[in-house]
Amino acid sequence: MADMTVFVARTVRTMEPSLPVAEAVAVRDGRIVEVGTLDTMRPWLESHSHEIDDTFKDHCIMPGFIDPHLHPSMAAILLPMHFTTAVGWDLPWEDIGPVRDSEQFHARMESLDAALAPGDPLFTFGHHPIWHGPIDRSALNQISTTRPIVAWHRGYHSITVNDACLRWMDLDTAAAGRHPQVDLDAGKFFETGLSVALRHLRGYLLETERFRAGLDRMRQVIHHGGHTTIGDAALGFYGFEQEWDHLQAVMEQPDTPFRIQLMPFAMGPEGDERTDDEFVERVLSYPSRNTHRLRFSDHAKMFADGGFFAELLMLKPPGHLDGRHGEWMTPPERFEAVARALWNAGLRIHVHTSGDLGVELALSTLEKLQWEHPRFDHRFTFEHFGISSAQQVDRMAAVGAVASVNAYYVYELAEAFAARAVGYERASQISRLGSLERAGVRFAVHSDFPMAPAKPLNNAWVAANRLTESGAVMGATERASLEAAIKAITTNAAYVLGLEEEIGSLRWGKRADFTVLEADPYEVGAEALRDIAIWGTVFEGHKFPIRDG
Amino acid sequence: MGAHASKGLVPVTVIAGYLGAGKTTLINELLAHDHGRRLAVLVNDFGAVNIDAVLIADHDGQTISLKNGCVCCSIADELGDALDRVLALEPAPDQIVIEASGVADPANVAAYGQGWPGCRLDAVVVLADAETVQAKSRDQFVGELVVRQLRRADIVMATKCDLVTEAEREAALAWLAETAAGAPILTRRAGQLEPELLLETAQPIERPSPQQPHPGNGPAEPAFDSAVVEVNGTLDRDRVEAALRDWPDSVLRVKGTLRFNGAVGGLHIVQRVGRRWSIEPAPDGFNSSHTGKLVVIGLPGTLHRRYLASSLLN
């Protein structure tokens, strides 16, 4: 057997400024030996046995794509459900077309009902009244009177169920009837009322076999999108140790073509420790349990304001159109105390921010910490970065922050936010990548899957074009350049995860992780990024085709 | 005996208010006090609270964390879980006290009291630090939240009143009254506890020395007083509802049973805590030996039995 494998391609896009384009990559033991041409590699080829692999002779080799922020555990709960959404989802096991109106919704529900074994509950995800019209208990009873049906709202915050489901849940109807956020007649459980239903559904949703089947689907989704590394941006939503066990069982397999960088969900102190220092010790202890594909490092995740899809973002004046308010996920004083403990311990902090007041909390905290205890190369990362101002971006540049941005908000939410949440000016500047690029703030783009499709090329496409689902351009001046959009799923995504020495570009010594494309993104240009077909990936030197194309 | 002695729902009291308002101190005192009620206390775990204080009255440890954020992240639902655990205790607690997170909207926590199986909401008590609350209400990050919490209160309790001058205290109380329009505003000093107000006792207060002078800057706060209003026969429900709405803020707690005329007749449990009131049919098997009796707790000198009784009748 040869020492080395040399992959030749029509084009190799290395994302290394010193050698941006090449034709061949030599690989040994899962790492790159040299990048160049067969001619420039001659010293290596002459001194080591090798085989030439020309599988990709008509393809473009890119560094393996990286999504630094998604949620495998949330996906594990959602992916076993049947998606019924207004925007289509191309999932590895099913290409689900858009379901645009009430008639299509009911037709989809009927066909799902017909396909399931008798008695199996039917969970569907994605109902939205704007497209599908209102649904209630009696509408779902028309689908089935015997099968429990749960229709989960696209915004995650409510469910509608049928009579069979009410029986299945063995609900205390007197209590549910008193709950201000349960409407039993309509079969609806929303906001805190959802917990009344989850009390009964949770056991089913978190049951080991089902959860692991969901995680296995997540494994397919990640490969399908062309990733070779992802970041799990908050391990521990449902229970840290259980999630860790499930991840190990499902993801740490020889045929898993990616690695996961894990960020613990850092609120502490909670659980056993009494002090922030003990909490920091706990975070620092996690890397000792690392496996080949599952790794902790020196990163921790914090939360400022509430979620963007959930519309719980905190805004500076003038606030929301309708005057309502978002939510702090961490009390500001507490946020500062935890951030200080993590900062002074030298950890790398990632902060979930949605609105400009959430950004302000994270930014003013970072400014204070830099004053108290200056650090270089701290990688304090603004995650999501929904609504912000250009002045905040300048301040981020001044204190050395980086960003990991959900660009997809623009595609699915910008127009709805303009009309209903914050007005046009701010909505058109959601996810302001152009400002970040101009200010020299490094940024990645992410999916936050299952919030957005786990498709790096699609996210880069939104970043570079800022087209909405209806085809409108929102905030052309906030587009990322093509180069920045591609860096955002390769080199800069590696940088955000602190893995830039190992992955993110193609050069000697790095992991042999490639995403293999049917077309060269630099040739097809920004407009066509999302249309590029993915042949598959190479993970640590091994080929993993996406078989169904 | 009161409703809890029958197979009723366990009352849930929510103690809310921004960080530093004195929630944990209050709860610690409540646990230490000999009020004769078996309490389950659920506290949030943001911040360095004294974990030793997290307990059920008989020292079974129960901690829960109440994280803000959207439900999609909280399928684990620690609060619901904790409620199930304490409701399953034998014997069941007489009352559940939930300390809400400092950034929680009290309405979200109160919803559990209203609609969780086995529970009913007693009251939302929002604490406010008399020294800092006005400044906090102007804070760019939490100002709106601090005001919103106060507006959700059934009773507002101004804390740390002994740390400010009398003029500052009066200014704070006036600001609170305006901000939390409609809720009674009580004052509290460290070490001075009114379990009769925080807990459902349904018993007249028996206080050996109700007017203890209190060390501190301000004058001693008067203790609370109670009255028993007995009404024979059946009443008009609309009239009773109007009375519960209209009784002055100085009437802080009302609990008892009444019978109504007509189609909605029968024995009912009547309660008011601050500005929250409810009338519920008495559960089956309810001890109905005192059919027309309300225990009323309020500020001394304000509980005029004849007024209270006649406002129910006319």
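Q: In which sense do strand β10 (residues 122–127) and strand β11 (residues 149–153) of chain A pair?
A: Strands here are DSSP runs of E with at least two residues, helices are runs of H or I with at least four, and both are numbered from the N terminus. Two strands pair if DSSP finds at least two bridges between them. β10(A) and β11(A) have five bridges, and the sense is parallel.

Q: What kind of model is this?
A: Residues are numbered from 1 along each chain as its sequence is written, while chains are lettered from A and ligands numbered from 1 in the order in which they are written. Local features need pLDDT of at least 70, side-chain atom pairs count only at pLDDT 80 or more, and totals for chains, interfaces and linings use all residues, since the model is predicted.

Q: Which strands sit at the edges of the six-stranded sheet in chain A?
A: The sheet is open and mixed, running β7-β10-β11-β12-β14-β13. In general, strands of a sheet pair through backbone hydrogen bonds, either parallel or antiparallel. Two strands of chain A pair on one side only, and those edge strands are β7 (82–83) and β13 (182–183).

Q: Why is the packing of α11(A) on α12(A) called oblique?
A: Residues 276–285 and 332–344 of chain A form these helices, with axes 10 Å apart. Axes are lines fitted to C-alpha atoms over the stretch in contact, and angles run from 0 to 180 degrees between N-to-C directions. Under 35 degrees is roughly parallel, over 145 roughly antiparallel, 65 to 115 roughly perpendicular and the rest oblique. So α11(A) is oblique to α12(A), given an angle of about 55°.

Q: Is B:I96 buried or exposed?
A: B:I96 lies in strand β3 (residues 95–99) of chain B, and its contacts beyond four places in sequence include B:V10, B:L42 and B:C119. A residue is buried if 20 or more other C-beta atoms (placed from the backbone) lie within 10 Å of its own, exposed if 12 or fewer, and partly exposed in between. With 26 such atoms, B:I96 is buried.

Q: How many residues of helix α18 (residues 456–465) of chain A are buried?
A: The buried residues, A:W461 among them, pack against β6, β15, α15, α17, β22 and α19 of chain A. Helix α18(A) is mostly covered, and out of its ten residues the buried count is ten.

Q: What is omega for the peptide bond from A:F449 to A:P450?
A: Most peptide bonds are trans. A:P450 falls in the loop between β22 and α18 of chain A. Its bond from A:F449 is cis, with omega near 15°.

Q: What phi does A:R379 take?
A: A:R379 is in the loop between α13 (356–372) and β20 (381–384) of chain A. With 19 other C-beta atoms within 10 Å, A:R379 is partly exposed. Most residues other than glycine have a negative phi. A:R379 has a positive one, near 60°.

Terms used
Two residues are in contact if their C-beta atoms, placed from the backbone, lie within 7 Å.
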